[in-house]
Amino acid sequence: MKVGPVGPVGPHPIGKTAARAPSLHEHETGRPVPFAELLRRHRDRSGLTQQQLADFATLSVRAIRDLESGRVRRPRRDSVGLLADALRLGEAERRQLHAAGGSPADPRAPLAELPEPPAPPGALVGREAELQVLLDQVTVHGHRLVTVVGISGIGKTHLVLEAARVLRDRGWRVGWHAPDRDPCRCGATGPTRPTRVNRAAGTIGPGSVSGLGGTPAPAADVTDDLARAIGDRHELLVIDGDDPPGSGGVDVAELLRRCPGLRVVVTGLAPRHLPDERVLPLTATAVPAEAPDMDHARLSEVASVALFLSHIRRSRPGFRLRDDNAHAVLRLCRWLDGVPRALEYAAGWCLVYPPELLLARAGRDSSLLSPPTGCTCHNLLRSLARSVDGLAERHRRVLAEVADRPYWTLADLAPLVPDPAAALHALLVQGLVRPVGAHRPERFTVLQLVRLLHESERTLTGPLTAADRAA
């Protein structure tokens, strides 16, 4: 059959014939026809080849083949619309084709809703400067993509939740998306589950994944769901823990393209390296300086100590700094580099061990780097290994070389790597090293947790294997 060389909606012999055939959309059993079969029937009835349909719909012939073979089960709404135009479908057929593809025919139809950010888990301690920087990046400077970067347990989620709370109080419409990045494999449930669309309920909520065995939906599907849910109803989307990007992740660049009025804040282990991305490295909280005598009131005002005390008082409400425990608390906060989750875990163990005994066990008992309650797969060293594994190979070698040194300078890296400044920048951004102190800003040191990770990998009795890292 000859088809006229007109555009995507040009005349070709189908028209009313398909519109009068309701049996086209049902199996003999009465069940709905899958999208692939429905599209193939419409094309056969029209007399078009796959190439001709691709030309009319301004799609690739490969896309038509993938759709008709079922390799693509959830086509994008705009692609289905182009196919319906090319096939000259009536309104009923158009709606049925969209329904078979899992998308509304009318972009103004009710869409799934994004959940609001949960409440922050308590007061934000020692992050006032970082919070103001994040708020200014979004509101004052108007940056559309801000990535908060740092190791697991550094407090990224708490920071963005507090920022979301402040912006909502100012009248901003904020959405929340938390992909499933929980590394736990022993059956415990993590704090967040994958955010996916529940089309029957008309909401985007936790727990739904596509595929067999809980396989995450492809990034294109997740991005499409979010873009349609956001529309013009949200000014800010917070994506927490979408790391690393890939299957089940979000194509942030595509999301920003499709939602021109949207701004996005992402938390992750490393920058995404997208155009116009602004990176906010989140480092450890301030630790107290070594001092033989320190006033207890002044000590309790240091950010890491204040955070440690707030956690320990949840299980020991009457705990106070005294002459017999203040030095141990100071040393614990320094030994843990002020990493918030490490301080939380250590404070939890203080129900069993007083700070003095906990300090004596530090470095010898790796279970102290896991929460007292719950599974040991939340061990901080396993989480930290993900950050180290994400480094470029040359930067991992640098980290291993300097791990045992008490401090070092940029000049010390020159014999180790061709681009020492770039290596130091990468390690600082991901929070694996830090300056020794404000009085010696040119000197740097590796986090104590990084040293413990390297020691564990050198120990024959219990190294972190590849399976441990994946666990």
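Asp-276 lies in the loop between S6 and S7, where helices (H or I, at least four residues) and strands (E, at least two) are DSSP runs numbered from the N terminus. This is a predicted model, in which local features need pLDDT of at least 70 and side-chain atom pairs count only at pLDDT 80 or more, while totals for chains, interfaces and linings use all residues. Residues are numbered from 1 along each chain as its sequence is written, and side-chain values use heavy atoms, with hydrogens and water left out.

**The chain as a whole**

- The protein chain holds 21 helices and 9 strands, and 46% of its 471 residues are buried, a term that stands for under 20% relative accessible area, as against exposed for over 50% and partly exposed for values in between (1.4 Å probe, protein chains only).
- About 22700 Å² of accessible surface is found for the protein chain, with 53% of it belonging to carbon and sulfur atoms; such areas come from the Shrake-Rupley method with a 1.4 Å probe, and for residues only the protein chains shown count as cover.
- Of the contacts (heavy atoms within 4.5 Å) between residues at least 6 apart in sequence, 68% join residues at least 24 apart.

**The sheet and its helix**

- Five strands form an open sheet with parallel pairing in the order S2-S5-S6-S1-S7, two strands being paired if DSSP finds at least two bridges between them.
- The edges are strand S2 (174-177) and strand S7 (278-281), each of which pairs on one side only, and the twist from one strand to the next averages 20°.
- Helix H8 (residues 156-169) packs on this sheet and touches S1, S2, S5, S6 and S7, its direction making about 155° with that of S2; axes are lines fitted to C-alpha atoms, for helices over the stretch in contact, and angles run from 0 to 180 degrees between N-to-C directions.
- Strand S6 (residues 263-268) is joined by 4 bridges to strand S5 (residues 236-239), the two running parallel, and the bridge partners in S6 include Val-266 for Ile-239 and Val-264 for Leu-237.
- S1 is also parallel to S6, with 5 bridges between them, and Val-149 has Gly-268 as its bridge partner in S6.
- S6 is mostly covered, since 5 of its 6 residues are buried.

**His-143 and its surroundings**

- His-143 is placed in the loop between helix H7 (128-138) and strand S1 (145-149), and this residue counts as buried because its relative accessibility is 17%.
- The side chains of His-143 and Arg-278 are joined by a polar contact of 3.4 Å, meaning a pair of N or O atoms within 3.5 Å, of which, within protein, one must be able to donate a hydrogen and the other to accept it, and residues adjacent in sequence count only if both atoms are side-chain atoms.
- Apart from neighbours within four places in sequence, His-143 is in contact with Gln-137, Val-138, Arg-263 and Arg-278.

**Positive phi angles and an exposed arginine**

- Most residues other than glycine have a negative phi.
- Asp-276, although not a glycine, has a positive phi of about 65°, and with a relative accessible area of 62% this residue is exposed.
- Arg-88, in the loop between helix H5 (77-86) and helix H6 (91-101), likewise has a positive phi, near 55°, and is partly exposed at 39% relative accessible area.
- Arg-298 lies in helix H11 (residues 296-301) and is exposed, with a relative accessible area of 56%; Arg-298 and Pro-288 are 10 residues apart in sequence and 9.6 Å apart in space, C-alpha to C-alpha.
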